[in-house]
Amino acid sequence: MSWVRAIPQIRGWRGIVGAAFSGAASSQVPRQPLRHIHLGAAAPGPAPTPSSSSSSSLVPRPPVPHEELFGPGSEAGPQDKARFVQAVRAFGQRNAHRRGHVDFIYLALRKMRDFGLERDRAAYHLLLDVFPKDVFRARSFLQRLFVHYPRQQECGVAVLEQMENHGVMPNRETEFLLLQVFGKHSHPMRKLLRMRLWFSRFRAANPFPLPRPLPRDPLRLAGLGLRRLEPDLSARITVYQTPAPPDSTDSTLSPEPDRPHIVGIQSPEQQEALGRHDPARPVFVEGPFPLWLRDQCVHYHVLRADPLPPEYRVAEETPEERNLYYPMQLDLEYGRGPWDDYEFDIDEVAEGPVFAMCIAGARDQATLARWVQGLQETNPTLAGIPVLFRLASSTREPLDSSSELAEQPPPSPPPPEGREEQEDNRRQQQGQG
Amino acid sequence: MSACGRLLRSAARSCRALAAFTSSRRPLRTSPSGRAFAKELFLGRIEKEAVFPFPEVSQDEFDEISQFVGPVEKFFSEEGQRSTVSARDSAWDLRASVDSRRIDLEGKIPNETLEKLKSLGLFGMQVPEEYGGLGLSNTMYARMGEIIGLDASIAVTLAAHQAIGLKGIILVGSEEQKAKYLPRLASGEHVAAFCLTEPASGSDAASIQTRATLSDDKKHFILNGSKVWITNGGLANIFTVFAKTKVDEADGSSKDKITAFIVERDFGGVTNGKPEDKLGIRGSNTCEVHFDNTQVPVENVLGEVGGGFKVAVNILNSGRFSMGSTVAGMLKKIIEMTAEYACTRKQFNKPLSEFGLIQEKFALMAQKAYVMESMAYLTAGMLDQPGFPDCSMEAAVVKVFSSEAAWQCVSEALQILGGSGYMRDYPYERMLRDSRILLIFEGTNEILRMYVALTGLQHAGRLLTARVKELKHGNVATIMETISRRLWDTLGRNVDMGLTGKLGAVHPSMADSAVKLEENVYYFGRTVETLLIRFGKTIVEEQMVLKRVANILINLYAMTAVLSRASRSIRSGLCNHDHEVLLANTFCTEAYYQNLLALSQLDKYSPENVDEQIKKLSRQILEKRAYICAHPLDRTS
């Protein structure tokens with residue numbers, strides 16, 4: 001890690017090499033130092049706006065000479081591809097020699113997100129097309145050896161880097177444009193080759209693929225999150241509560257704040273385990289725990305119990321008269337030899353069973369109690385089991401270990417009230433059972 | 001026509017005296033050793049006395065069988081159909097003879113055919129004579145099966161009736177139950193069915209839901225529940241039903257246990273669903289049977305209350321061996337039919353029979369038929385030994401081998417006919433559909449392989465306990481002995497178990513094959529020992545290992561059976577015994593190399609052993625519940 005971080009700090013053309021080389025894998029590396037050096041050299045400017053703070057680190061802060069081409073801010077009108085294309089064309093027409101094209105391209109790269117074009121390959125091609133052709137191509141051995149037109153090459157790499165950060169795969173047209181602009185042995189070309197090599201290999205590396213773009217509907221998003229949490233494909237997702245639809249006739253009333261969505265998941269095995277659960281032992285609603293879906297964070301809660309103390313555990317025995325066709329166990333006195341015992345010697349800590357999980361729009365106890373009520377419809381035994389809420393307050397760090405909490409009183413902020421509420425809730429649950 | 005049946009039965013009775021004589025003579029022919037042959041193979045031993053010489057029937061028994069076989073064969077074969085047309089009462093007989101095509105199309109065995117089967121006494125083949133059955137021995141039953149197997153629907157109907165349906169009464173029924181039910185079942189007046197399978201319970205007895213509760217007056221059991229896929233469910237009047245009952249234990253607690261009941265349809269509350277639409281054996285009647293508050297008198301408990309599990313296992317184990325001869329009968333018929341076609345159909349001015357790839361198929365069919373026939377009659381002969389020997393393992397082997405051979409051979413036969421075979425005009429597609437069930441019912445082949453392997457390993461494991469313990473505790477003498485034996489094995493040991501040589505059990509013309517068998521058996525014993533040391537009792541979970549063990553055992557038993565039979569044929573000078581020797585030698589060579597492969601796959605570090613890869617592959621697929629490879633046309637860009 002440290003050497004990756006070191007490379008961008010070397011100024012000059014090596015910086016480009018570093019950025020091109022570090023590739024997709026190092027996009028999380030903090031690039032702050034580089035940005036400062038870069039700014040100092042190229043264009044000092046105001047602090048980055050929040051919208052562009054996550055964009056490419058090679059983009060310098062604006063002197064903003066061409067801002068007007070992109071029109072007034074996003075409030076004025078629809079920001080769409082047509083306007084972006086129009087702006088790029090306008091730049092070409094205004095200026096036959098393409099003076100200041102590097103600054104313009106940096107500006108356009110920053111603006112792309114506002115226009116929703118950050119994943120549009122054609123838009124990047126449009127920007128690469130802004131470079132004048134043939135001018136920056138190295139023509140001699142020496143030009144190739146030292147960086148020819150470093151600022152322009154750096155800009156070309158920045159375009160590619162932004163493509164990379166948004167997962168846009170370069171194609172033949174990209175290659176053609178770069179060849180025309182920078183020639184074969186340029187840094188942007190090398191960056192392109194590396195991207196093409198690694199992109200294709202990393203594209204399917206994620207074992208939990210998510211649709212692109214992520215759904216905006218919180219119910220669907222919750223569904224995706226729950227599917228990732230629960231590996232059992234037989235598990236059923238249930239929507240326990242949908243948010244009240246926004247009332248169109250009365251726009252002053254926003255959707256009821258106390259009607260957040262609740263989406264839960266439970267597999268048949270969990271249902272069965274809950275059915276077998278001893279009603280004398282309480283179950284816990286714990287959470288919230290964070291779960292990241294690409295760039296969005298959802299929080300989930302689990303319904304779980306403590307592991308059974310050893311004295312309560314009943315060893316499950318296969319009855320002798322079980323299988324009509326063949327013996328289920330051999331009556332032998334010796335077991336597996338040590339050389340065939342493939343189990344790793346792992347110190348396992350028994351965790352309690354998890355019975356169900358949910359993602360809700362709110363993290364308060366009332367909402368979660370509604371989830372538990374919903375669960376009771378499919379798990380009738382739950383009505384007779386006391387349910388305790390062990391919720392971390394939303395401001396605090398989410399729970400990371402429930403075992404240490406088992407000895408403490410629940411950590412909800414006002415303990416006496418929380419207790420009462422729990423007691424109430426328990427009574428309520430039992431009353432229903 | 002019923003005169004014929006009466007004639008048969010009187011013939012049977014007249015033969016009985018002779019049969020008594022022969023049965024008293026039987027022990028002299030083979031030793032009374034109770035040790036089972038297949039189990040001993042697991043220890044690397046060949047129990048010669050059990051399988052050599054091949055069981056032989058006496059002249060009187062042979063005559064008796066011929067008497068039974070004649071009319072039945074006539075009834076089943078098309079010649080019989082034609083001759084009866086020209087005979088006296090033609091119309092009725094024509095309808096009554098077996099028309100498999102019509103049975104398949106209509107999904108029903110015509111009543112006339114069923115009546116004829118009853119009058120021939122085929123509904124009571126194994127019912128003892130004093131209860132009105134034919135009282136056939138296992139060997140004779142196997143012989144009859146050969147003919148009955150010509151129509152799969154009839155074979156299944158009859159098997160469901162007597163191999164499992166009424167078998168419980170014969171095996172464990174009380175005298176009163178036998179006297180009450182068997183005569184009418186043997187005559188076919190009543191049809192029996194075996195009700196074990198439930199929607200939630202296939203092989204798992206613990207998940208049986210049907211329940212029988214004792215009524216307050218303790219005179220009846222009230223039976224409630226549903227059974228599915230009951231063959232003869234719509235025809236039967238007598239059901240052998242398995243249900244859970246509360247049984248009081250000695251310590252005062254009560255436990256759910258399975259009990260077997262004889263249930264008459266007249267008890268009330270017995271209904272059945274409509275016949276299932278099946279792939280094959282469409283003429284047999286398969287349906288759901290429901291019991292709704294059926295009152296079963298306590299006298300109708302089969303065996304003991306709570307002893308139903310053993311009853312079920314016994315019935316299932318006893319019915320399997322006959323599949324070998326049944327399939328062999330069908331195969332022999334198929335070989336005849338396809339050979340006719342192959343010798344007359346010409347392509348490129350040559351009959352099909354001159355093409356090597358067609359010839360190969362005939363050799364395969366004949367070989368399979370020969371092997372399964374040998375195994376079936378060897379097993380039947382063992383079962384006919386006095387003292388009820390336990391041959392359930394051998395029977396399972398016969399079932400697995402014959403069902404798989406049937407599927408393979410019918411498919412090859414269809415292939416010989418090419419496109420015609422696929423058409424409904426020919427019987428092959430029907431036979432193909434019919435033979436598919438053989439791999440599934442009476443215990444799927446997978447389950448029977450587990451049974452074979454685990455039963456054998458249990459036997460071997462008990463006897464090897466002392467050795468394994470010494471090895472595990474590091475007894476130097478045992479370890480040294482094992483190592484030196486291994487060393488000796490790798491240097492090429494000469495295994496001799498006395499099958500060959502002067503006065504050996506196997507004829508010298510098959511000495512090579514016998515040596516191969518001995519070698520296989522020896523190394524099989526070694527491998528079993530290694531497996532037991534490696535896995536111990538956890539071998540139950542190693543199903544792929546168990547499958548290979550079972551496959552080797554099946555081959556070993558098959559090799560033994562053909563060697564034994566061919567030796568007998570050549571020594572007693574039966575016709576075409578040279579053909580038999582050729583078949584036996586061919587099969588033994590093939591099986592030998594199969595065994596060598598399987599043995600090396602059982603070796604932990606051999607390159608042939610890909611079990612771990614297979615497990616991983618299936619785990620990856622089942623995790624996603626789909627075929628997870630990218631499409632061959634997919635691109636990353």
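A residue counts as buried when its relative accessible area is under 20%, as exposed when that area is over 50%, and as partly exposed in between, using a 1.4 Å probe and protein chains only. By that rule B:Leu223, at 0% relative accessibility, is buried. Welcome to the structure above. It is a predicted model, in which local features need pLDDT of at least 70 and side-chain atom pairs count only at pLDDT 80 or more, while totals for chains, interfaces and linings use all residues. Residues are numbered from 1 along each chain as its sequence is written, chains are lettered from A and ligands numbered from 1 in the order in which they are written, and side-chain values use heavy atoms, leaving out hydrogens and water.

**Chain A at a glance**

- Chain A has 14 helices and six strands; helices (H or I, at least four residues) and strands (E, at least two) are DSSP runs, numbered from the N terminus.
- Of the 433 residues in chain A, 42% are buried.
- A contact means heavy atoms within 4.5 Å. Among contacts in chain A between residues at least 6 apart in sequence, 69% join residues at least 24 apart.

- Helix α9 of chain A spans residues 172–182, and its buried residues are A:Thr174, A:Glu175, A:Leu177, A:Leu178, A:Val181 and A:Phe182. These residues lie on the same side of α9(A), because they cover an arc of only 165° around the axis; the arc is that of the directions from the helix axis to the C-beta atoms.
- The cover over the buried residues of α9(A) includes α6 (121–128), α8 (150–165) and α10 (187–202) of chain A.
- A:Leu109 belongs to helix α5 (residues 101–111) of chain A, and with 1% relative accessibility A:Leu109 is buried. From A:Leu109 to A:Leu221 there are 112 residues along the chain and 29 Å between C-alpha atoms.
- A:Arg216 sits in the loop between α10 and α11 (218–229) of chain A, where A:Arg216 is exposed at a relative accessible area of 81%. A:Tyr240 is 24 residues from A:Arg216 in sequence and 19 Å away in space, C-alpha to C-alpha.

- B:Leu223, the residue from the opening, is part of strand β3 (residues 220–231) of chain B.
- Leaving aside neighbours within four places in sequence, the contacts of B:Leu223 include B:Thr210, B:Val241, B:Val263, B:Phe291 and B:Val296.
- B:Val270 is 47 residues from B:Leu223 in sequence, with 9.7 Å between their C-alpha atoms.

**Helix α15 of chain B and its partners**

- Two packed helices are described by the angle between their axes and the distance between the axes. Here the axes are lines fitted to C-alpha atoms, for helices over the stretch in contact, and angles run from 0 to 180 degrees between N-to-C directions.
- Helix α15 (residues 356–383) and helix α16 (residues 392–417) of chain B have axes that come within 9 Å and cross at roughly 160°. That angle makes α15(B) roughly antiparallel to α16(B); angles under 35 degrees count as roughly parallel, over 145 as roughly antiparallel, 65 to 115 as roughly perpendicular and the rest as oblique.
- The contact of α15(B) with α16(B) has 17 nonpolar, four polar and four charged residues. In these classes, Ala, Val, Leu, Ile, Met, Phe, Trp, Tyr, Cys and Pro are nonpolar, Asp, Glu, Lys and Arg are charged, and the others, Gly among them, are polar.
- With helix α22 (residues 543–572) of chain B, α15(B) packs at an angle of about 85°, the axes being 8 Å apart. α15(B) and α22(B) are therefore roughly perpendicular to each other.
- Residues of α15(B) that meet α22(B) include B:Tyr370, B:Glu373 and B:Met382, while the α22(B) side includes B:Tyr557, B:Ala561 and B:Arg565. By class, this contact of α15(B) with α22(B) has 10 nonpolar, two polar and two charged residues.

**Backbone details to look for**

- Most residues other than glycine have a negative phi, and most peptide bonds are trans.
- A:Gly287 and A:Pro288 are joined by a cis peptide bond with omega of about -10°, and A:Pro288 is in strand β3 (residues 283–293) of chain A.
- Another cis peptide bond runs from B:Phe52 to B:Pro53, with omega near -10°; B:Pro53 is in the loop between α3 (48–51) and α4 (59–76) of chain B.
- B:Phe348 is not a glycine, but its phi is positive, near 50°. B:Phe348 lies in the loop between β9 (346–347) and β10 (350–351) of chain B and is exposed, with a relative accessible area of 72%.
- B:Arg625, also not a glycine, has a positive phi of about 55°. B:Arg625 is in the segment after α24 (611–624) of chain B and is partly exposed at 48% relative accessibility.
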